[in-house]
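This report describes selected features of a protein model.

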Amino acid sequence: MMMLENGVIVATGVLPGVSGARRPLTIAELESCYALHARPLWAYLRRMSGSAVEADDLLQKSFLRLLEAPLPTLDEAGLRRYLYRIATNISIDSFRSMREGEMARAEQLPVDSSAILRADMQRMFERLKPRERALLWLAHVEGYDHQDLASMLGVGAKSVRVLLFRARKKLQQMMERDGRKVPKR
Amino acid sequence: MKNSCKRTDEIVTSMRIGITPDADSHLAECEECRAAVSAGDWMRQFSNLGREEVPVLPDPRRIWLMAEWQRRQRSSPGRMRLIDCLQWAAYGIAAVAPAIWFTFRWPQLVQWVSTLRGGEAAWISAGSSPVLWTAVALGGITTLVTLQLVFAEE
């Protein structure tokens, strides 16, 4: 069960006396949770999918899954992790069911240098596997550690280390091919 | 390059909060950490591009209603089946009622059309009625499909 405490959503467990069930979120609770997490989650899904429309769809599915699934006892950070976990699983499933290169092609053509750079980076990012994209974003943008990443992706912490290493290496190789040299320090 | 450096996470974190001289000297000699830092820089640059993009997010109330609807569908499948049956019965009635009406009112209909168009309506005879029936059936099917889409959307 989630409760609003000082405007912050806190999950506090299942409804007392109702075995194995939980009270569904009220609209107010969902709106509060949405206000906190929807925008950064959308940014993540936008980069993962390369398409704003697809990101909208994945975001909606993620929150729907949050409302449907039995919610473990969570604090705010836990809820955020849980949401990213759901979103990552949904987006990876979604990419699996789509043909390669099918996504993001409906995006508008870039119009300024920033948009062109972003489109180039997006294209490079999309050459990574969905799980590699998720790992790099969650580790470097959201700042999650190996333990969190392991629970989000359903793999062991040691595997995360190896997978992250491979993803970074792959990205580095792409950067080198793309002419972006790895900075020497 | 092997996945061997134990300090990669620490170095990556320190790059985010402010690099220390120790981390800096380690970076000079560790290729793996340089790659990690480079990937981190790239990812942060990538995440910052397009921050000005303001998405119109889906309405959370709509999401909540969808979830509520799905939950009710799951919690009372019998009731949902009944609603489905009623819905299809309504479609059936909508299709059959005009057919019955046409069957019983056919002579009057022919007469009415004849008065509108004079002798030109002679083609609406018993022989040509299959054409009309087909048109009515196709129209009915189109209406049903449209209604189905409208109800599904609602």
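The notes below cover one chain as a whole and then selected parts of another in this predicted model.

## Chain A overall

Chain A contains seven helices and two strands. Read from the N terminus, its elements follow the order β-β-α-α-α-α-α-α-α.

Of the 185 residues in chain A, 48% are buried. The accessible surface of this chain is about 9100 Å², and carbon and sulfur atoms contribute 52% of that area. Among contacts in chain A with a separation of 6 or more, 61% are between residues 24 or more positions apart.

## Helix 3 of chain B

Helix 3 of chain B spans residues 31-48, which makes 18 residues. The distance from its first C-alpha to its last is 26 Å, close to the 26 Å expected at 1.5 Å a residue. Most of this helix is covered, with 13 of the 18 residues buried. B:Gly50 follows helix 3 of chain B and has a positive phi, near 85°.

## B:Arg71

B:Arg71 lies in helix 4 of chain B, residues 60-75. Its relative accessible area is 18%, so B:Arg71 counts as buried, the cut-off being under 20%. The side chain of B:Arg71 reaches across to chain A, where the backbone oxygen of A:Leu67 is at 3.2 Å.

## A nonpolar patch on chain B

B:Leu138, B:Ile141, B:Val145 and B:Leu149 form a nonpolar surface patch of about 400 Å². One of these residues, B:Val145, belongs to helix 6 of chain B, residues 129-153. B:Val145 is partly exposed, with a relative accessible area of 46%. In an α-helix there are 3.6 residues a turn, so residues three or four places apart point the same way.

Terms used: Residues numbered from 1 in each chain as written. Chains lettered and ligands numbered in written order. Predicted model: local features only at pLDDT ≥ 70, side-chain atom pairs only at ≥ 80, totals over all residues. Heavy atoms only, no water. Helix = DSSP H or I, 4+ residues; strand = E, 2+ residues; numbered from the N terminus. Expected span 1.5 Å × (residues − 1). Buried < 20%, exposed > 50% of the residue type's maximum accessible area, 1.4 Å probe, protein only. Polar contact = N/O pair within 3.5 Å; in protein donor to acceptor, adjacent residues only side chain to side chain. Patch = residues over 30% accessible without salt bridge, like charges linked within 9 Å, V, L, I, M, F, W, Y side chains within 5 Å. Areas by Shrake-Rupley, 256 points an atom, 1.4 Å probe, with all protein chains shown as cover. Salt bridge = Lys/Arg side-chain N within 4 Å of Asp/Glu carboxyl O. Contact = heavy atoms within 4.5 Å.
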